[in-house]
Amino acid sequence: MGLMKSWVTSANRADTPFPLNNLPYGVFSVGDDEPRCGVAIGNMILDMAQCEEVGLISLDTEPSFDLPFWNDVMELGPEIWAQLRARLMELLAEGAAERTAVEPLLIPQAQAEMHMPLLVGEFTDFYAGKHHATNVGTMFRGPENALPPNWLHIPIGYNGRASTVVVSGTEITRPNGQTKAPDADMPSFGPCKRLDIELEMGAIIGGSSEMGHPVSVQQADDMIFGYVLLNDWSARDIQAWEYQPLGPFQAKAFATSISPWIVTKAALEPFRTSTPPREKELLPYLQEPGPLLYDIDLHVTMAPAGKDGTTIARTNYNQVYYSAAQQLAHHASSGCAMNAGDLIGSGTISGPEKSERGSLLELTWGGKEPLTLDSGETRTFIEDGDTLTLHGAAKGDGYQIGFGSCTGTIRPAPKFPA
Ligand code: MN
């Protein structure tokens, strides 16, 4: 499939992240307006609240778009998701009969402020990048014990915080925390000295499962509404001291950023691909019924205050060992209830090459090999004022399915205790 043509001419450019093929869902406002649902098309946003008000959108089950989240639509399920997408295609395709009614409801993205596209119910972060887990394990435990014995059998994860998931552009405050140098007698408390990113994809759950009721991998895939870019900001020095025996806690709880547009599973369908070859056969409840991962190019830029960004890593979502559907099936396998609005992080996505590593911890090998940026400055971890940005797009023939960007600038830690 090639580019699908729209009468919104900016959507027909090969370099737009938002052609008619994409139609991602976000929440926007203009000036003092209330935030509401919108759909990206080229460099414009279709105001869904207005579409609903004038009767251009009327589905079998009436959703509400005059809300600052997409959760109500998610809860309607895959049939309504497909109906909505088909109707949007009809309204925005080249030659659309209703163009004159739709055209006044388009707002330039340049005038809009983006907000969180959903209410995040719960956030679970996984550790499903094999190159990342191998790199981190090698640094901490040596190459012989790099992958924990459970890693090739279980998608390892931890329950994170939904309260601090924020939209791209939100400034991130450096956390304070407790750390201990290996040779110190006592821990100390203060600003994180090893602040890092984790380049991840986020899967947004649109379906639900009841407590006590596991789901198959196929059912799990059917429950996924769409995907976003996700930066799991990480405080490595806090993490190293606190993580045993129950895993990351404050090192991850202070912030997670997501890109503002939810790219639907339907838009990504042409880019489905298999997970990497299994090194150990998975137990039946985790086996995939077909290709459940996606071929999505990812890269990270780092920009000191007032400077242009330097690309510090390039990788692809196809490197992840467990798909979001496998992670979700595992999550529900104990009987854990999953709900519409839940967010699942893939785990840091690193490729096999040094230039493909999705965290500074790996890129600088624990701070031992500083990066040199285009500005001439060097970095091991993130400094105050630095801006880190994730970028992602699935590349088709003459078009791309873009995610927009997921960016955050670091502000200094608060003085605490005062
Ligand atoms: Mn993570």
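How are the donor residues of the manganese ion spaced in sequence? The spacing is D-x72-E-x1-E-x31-D. The model is predicted, so local features need pLDDT of at least 70 and side-chain atom pairs count only at pLDDT 80 or more, while totals for chains, interfaces and linings use all residues. Residues are numbered from 1 along each chain as its sequence is written, and side-chain values use heavy atoms, with hydrogens and water left out.

The manganese ion is coordinated at 2.1 Å by D125 (OD), E198 (OE), E200 (OE) and D232 (OD). Donors are N, O and S atoms within 2.8 Å of the metal (3.2 Å for Na, K and Ca); water is not among the atoms, so sites may look incomplete. D125 lies in strand β6 (residues 123-126) and E200 in strand β13 (residues 199-205), so this pair ties together parts that are 75 residues apart in sequence. Strands (E, at least two residues) and helices (H or I, at least four) are DSSP runs numbered from the N terminus. D125 is buried, at 1% relative accessibility. E200 is buried too, with a relative accessible area of 0%. Buried means under 20% relative accessible area, exposed over 50% and partly exposed in between (1.4 Å probe, protein chains only).

Strand β6 is covered on both faces. F123 and D125 are buried on one side, T124 and F126 on the other. In a regular strand the side chains alternate between the two faces of the sheet. β6 pairs in the parallel sense with β22 (residues 343-345) over three bridges. Two strands pair if DSSP finds at least two bridges between them. The bridge partner of F123 in β22 is L343. β6 also runs antiparallel to β7 (residues 157-159), again joined by three bridges. Here D125 has Y158 as its bridge partner.

An open sheet of five strands has the order β4-β3-β2-β1-β5, with antiparallel pairing. Its edge strands, β4 (106-108) and β5 (113-115), each pair on one side only. The twist averages 50 degrees from one strand to the next. β1 (residues 25-29) and β5 share three bridges, and S29 stands opposite E113. Helix α3 (residues 78-92) lies across β1, β2 (36-41) and β3 (44-47), at about 65 degrees to β1. Contact means heavy atoms within 4.5 Å. Axes are lines fitted to C-alpha atoms, for helices over the stretch in contact, and angles run from 0 to 180 degrees between N-to-C directions.

Another open sheet of five strands has mixed pairing and the order β9-β26-β25-β20-β21. β9 (172-173) and β21 (310-316) stand at the edges with a single partner strand each, so one side of each is left without a neighbour in the sheet. Antiparallel strands β20 (residues 297-303) and β25 (residues 387-395) are joined by seven bridges. V300 stands opposite L390 in β25.

The structure holds 12 aromatic pairs. Rings of Phe, Tyr and Trp (its six-membered ring) pair if their centres lie within 6.5 Å; planes under 30 degrees apart count as stacked, over 60 as edge-to-face and the rest as tilted. F189 and F416 form an edge-to-face pair, 5.8 Å centre to centre and with 65 degrees between the planes. F189 is in β11 (residues 188-191) and F416 in the segment after β26 (400-411), 227 residues apart. F189 is partly exposed at 45% relative accessibility, whereas F416 is exposed at 54%. Y25, F65, W70, W81 and F225 form one aromatic cluster.
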